[in-house]
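Here are my notes on the model you sent over. Have it open on your screen while you read.

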Amino acid sequence: MARKPTPHTQTWQGFFNHLCNYANLCGWTVKTGEELTDMADSEANLVTIKLLQNKEDQTYVLMHELGHMHIFNSKDYNTKFAGLHAARAKGYYGLQTYRVERVQEELEAWDQGKIVATNLGIPVDQDKFRRMKARNVSSYMIWAQKRKIDSLTEKTHATHTNQNPTPVQ
C-alpha cells in the first residue's frame, strides 16, 4: 500500500521536478526508474536517477548529476580533464590519471550541482549535502585506489615467488 504523501515529500517532489525542467531547458532528459543507475550520459544528454531512494536524496543526486551536465558542457572540459578525456577516447580506464581526474570530476560535479540548486532557489541542507558528497565521493576514492593496491599486492606476491611483477603505471 502506497504511503500518503507528506508536505515534506511534496516539497522535495517539487524541487526534483524543478531540476528536471531545468535539465530539459538545457537540452537534457531526466529518466527515473527502480532499475536505473544514477548517472549523467554526455553522449545522449541523459540523466538517469534510481527511484529506490527517498525524494530528498533523489533531489540531491539529481543536483549532482546536473553538476556533471554543466561540467560536460563547459568549454574547458577537455583541457581541465585532459587525462580523463584522453583515457575515455582510447578506452584506457585503468590509468591512474583517469582515476584521479574522475575523482576530481565527481567532486566538482557535487559543487556545480549545489550552485545549480542555489541558483534555482532550491534549499540545500549543508550538513546533508556534505554527508552525501562524502559518502559518494569516498566510493570513487576507494575505486581509484583499488588498482594501486592490487598492483602493490601483485608486486609483493611476485617478489616472494620470484615471478616478474606486472608494471605499476
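Predicted model: local features only at pLDDT ≥ 70, side-chain atom pairs only at ≥ 80, totals over all residues.

1. The protein has six helices and three strands. Walk along the sequence and you get the pattern α-β-β-β-α-α-α-α-α. As for burial, 36% of the 169 residues count as buried.

2. Now the sheet. The three strands make an open sheet in the order S1-S3-S2, and the pairing is mixed. S1 (29-33) and S2 are the edge strands, each of them pairing on one side only. From one strand to the next, the twist averages 20 degrees.

3. If you want landmarks here, lysine 31 stands opposite threonine 48 in S3, and threonine 32 stands opposite isoleucine 49 in S3.

4. How many residues sit between the strands in the hairpin of S2 and S3? There are four, and asparagine 45 in this hairpin takes a positive phi near 50 degrees.

5. Why is S3 described as largely enclosed by the rest of the structure? Four of its five residues are buried, so the strand is largely enclosed.

6. Next, tryptophan 12, which you will find in helix H1 (residues 7-25). Is tryptophan 12 buried or exposed? Its relative accessibility is 7%, and buried means under 20%, so tryptophan 12 counts as buried. Also have a look at lysine 55: tryptophan 12 and lysine 55 are 43 residues apart in sequence, yet their C-alpha atoms are 5.9 Å apart in space.

7. How many disulfides does the structure hold? The count is zero. Cysteine 20 has a relative accessible area of 12%, so it falls under the 20% cut-off and is buried. Cysteine 26 comes out at 33%, which lies between the 20% and 50% limits, so it is partly exposed.

8. Then the largest pocket, with a volume of about 640 Å³. Its lining is made up of 24 residues, and those nearest its centre are Ala40, Phe72, Arg88, Arg102 and Glu105.

9. H2 gives the largest share, five residues.

10. Last, the make-up of the pocket lining by class: eight residues are nonpolar, eight are polar and eight are charged. Among the residues nearest the centre of the pocket you have Phe72 as well as Arg88, Arg102 and Glu105, so by class a nonpolar residue and charged ones are both found there.

Conventions. Residues numbered from 1 in each chain as written. Heavy atoms only, no water. Disulfide = S-S within 2.5 Å. Buried < 20%, exposed > 50% of the residue type's maximum accessible area, 1.4 Å probe, protein only. 1 Å grid on protein atoms, 1.4 Å probe; cavity = no way out; pocket = protein on both sides within 12 Å on 5 of 7 lines; lining within 4 Å. Points joined across faces, edges and corners; volume = space filled by probe spheres on them. Helix = DSSP H or I, 4+ residues; strand = E, 2+ residues; numbered from the N terminus. Pairing = 2+ DSSP bridges. Axes fitted to C-alpha atoms, helices over the stretch in contact; angles between N-to-C directions.
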